[in-house]
Amino acid sequence: MTSEIATRNEQQAVAPQAPAQPQPTNELMAWVESARQANLVAQSLANTSFAGAYRGKPDEITAAILTGQELGLQPMTALKSIDVIQGQPALRAHAMRAIVQHQGHNLELVESDDAHCVMRGRRKGADTWQTVVWDIPRAQKLGLLTKDQWKKQPKTMLIARATGELCRLIASDALHGLPYAAEEVDGYVHGEIAPAKAPLSVAALTAPAATPQPAAEETYTVTRDNQPADGTWDYDAAADSTDWPDVAQPGTAA
């Protein structure tokens, strides 16, 4: 009897346990470990020339490696395939084509020159081909021809535009949130990270327009070579000057 009472007392003395916290899924834990490993790689690459525009930016390298991993790209390939332009990550056109073709989709360059580009594509397992055409008049309507790269290499830029549109059309799921080619993003300069434009502040947008200041009146000074240096009135200079009114006298208003 005494033993039974002691057992009940011990059970009542045990504090209730807090509900178990949900544990991270294996998939999330694997991603966290991948991020940790990617950061270690980034620290090693950040100060090398292989980092390119990401040099000295280990956090940016880590993000590029992780993004590339989701796209099926190896770390070094990701660094050479993903640009950050105006704060927007984007794939280069050749990398976009490689990813789509690696997924088994078909892409073909039908025609291409400095004036137009015709590409067609077909999703894996589909019978119908989708055709995309990009030409100079279309680019002109979007105001693209004033950009430096369009002046230097219109053929390449037309292919890049056609690539981006066609890949989004037939295989948007393969791009995993990076639907635009770097060449399509404003500010693209030879695949390098372009400096971001300064954002407009509320104060800048609401500030009153500056009041134009009146232009200062111009003054003219006539100096003769034989003018006295002591500042005394030169009667000969006044008499000979064609700009001096006839009615004016020294020391009086004109």
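# Close-up views of a predicted model

**Figure 1. A salt bridge joins Asp 173 and Arg 123.** In this predicted model, the side chains of Asp 173 and Arg 123 meet in a salt bridge, with 3.0 Å from N to O. The two residues belong to distant parts of the chain, being 50 residues apart. Asp 173 sits in the loop between α8 and α9 (202-206), and Arg 123 sits in the loop between β4 and β5. Asp 173 has a relative accessible area of 46%, so Asp 173 is partly exposed. Arg 123 also counts as partly exposed, because its relative accessibility is 34%. As a general point, side chains of opposite charge can pair when their charged atoms come close.

**Figure 2. Strands β3, β4 and β5 form an open sheet.** The order of the three strands is β3-β4-β5, and the pairing is antiparallel. Which strands lie at the edges? The edge strands are β3 (106-112) and β5 (130-135), each of which pairs on one side only. On average, neighbouring strands of this sheet are turned by 20° against each other, direction ignored. Strand β4 covers residues 116-122 and pairs with β5 in the antiparallel sense over six bridges. Within this part of the sheet, Val 118 stands opposite Val 133 in β5. In general, strands of a sheet pair through backbone hydrogen bonds, either parallel or antiparallel. In a regular strand the side chains alternate between the two faces of the sheet.

**Figure 3. A salt bridge links Arg 120 and Glu 108.** The closest N and O atoms of this pair are 3.0 Å apart. Arg 120 is in strand β4 and Glu 108 is in strand β3, so the pair links distant parts of the chain, twelve residues apart. Are the two side chains buried, partly exposed or exposed? Arg 120 counts as partly exposed, since its relative accessibility is 29%. Glu 108 has 33% relative accessibility and therefore counts as partly exposed. A search of the whole structure finds seven salt bridges.

**Figure 4. Asp 148 and Lys 152 form a salt bridge in helix α7.** The closest N and O atoms of Asp 148 and Lys 152 are 3.1 Å apart. Helix α7 covers residues 148-152, and the two partners are four residues apart in it, so about one helical turn separates them. Asp 148 is partly exposed, because its relative accessibility is 42%. Lys 152 has a relative accessible area of 55% and is therefore exposed; the cut-off for exposed is over 50%.

**Figure 5. Strands β1 and β2 make a hairpin.** Strand β1 (residues 82-85) and strand β2 (residues 88-91) run antiparallel and are joined by four bridges. Asp 83 stands opposite Ala 90 in β2. How many residues lie between the strands of this hairpin? There are two residues between the strands, and Gln 86 takes a positive phi near 55°.

**Figure 6. Helix α8 is largely enclosed by the rest of the structure.** This helix runs over residues 154-171 and has 18 residues. From the first C-alpha to the last, α8 reaches 25 Å, close to the 26 Å expected at 1.5 Å a residue. Why is α8 described as largely enclosed? Of its 18 residues, 13 are buried, so the rest of the structure largely encloses α8. Buried here means under 20% relative accessible area.

**Figure 7. Leu 28, Trp 31 and Val 32 make a nonpolar surface patch.** The area of the patch is about 290 Å². Trp 31 lies in helix α2, which covers residues 26-45. Trp 31 is partly exposed, because its relative accessible area is 41%.

Figure 8. Thr 77 lies in helix α4 (residues 75-81) and is partly exposed, with a relative accessible area of 38%. Gln 69 lies in helix α3 (residues 58-71) and counts as partly exposed at 45% relative accessibility.

Key:
Residues are numbered from 1 along each chain as its sequence is written. This is a predicted model: local features need pLDDT of at least 70, side-chain atom pairs count only at pLDDT 80 or more; totals for chains, interfaces and linings use all residues. Side-chain values use heavy atoms; hydrogens and water are left out. The expected span of a helix is 1.5 Å times one less than its number of residues. Buried means under 20% relative accessible area, exposed over 50%, partly exposed in between (1.4 Å probe, protein chains only). Two strands pair if DSSP finds at least two bridges between them. Axes are lines fitted to C-alpha atoms, for helices over the stretch in contact, and angles run from 0 to 180 degrees between N-to-C directions. Patches are made of residues with over 30% relative accessible area and no salt bridge: like charges are joined within 9 Å, nonpolar side chains (Val, Leu, Ile, Met, Phe, Trp, Tyr) within 5 Å. Accessible areas come from the Shrake-Rupley method with a 1.4 Å probe; for residues, only the protein chains shown count as cover. A salt bridge is a side-chain nitrogen of Lys or Arg within 4 Å of a carboxyl oxygen of Asp or Glu.
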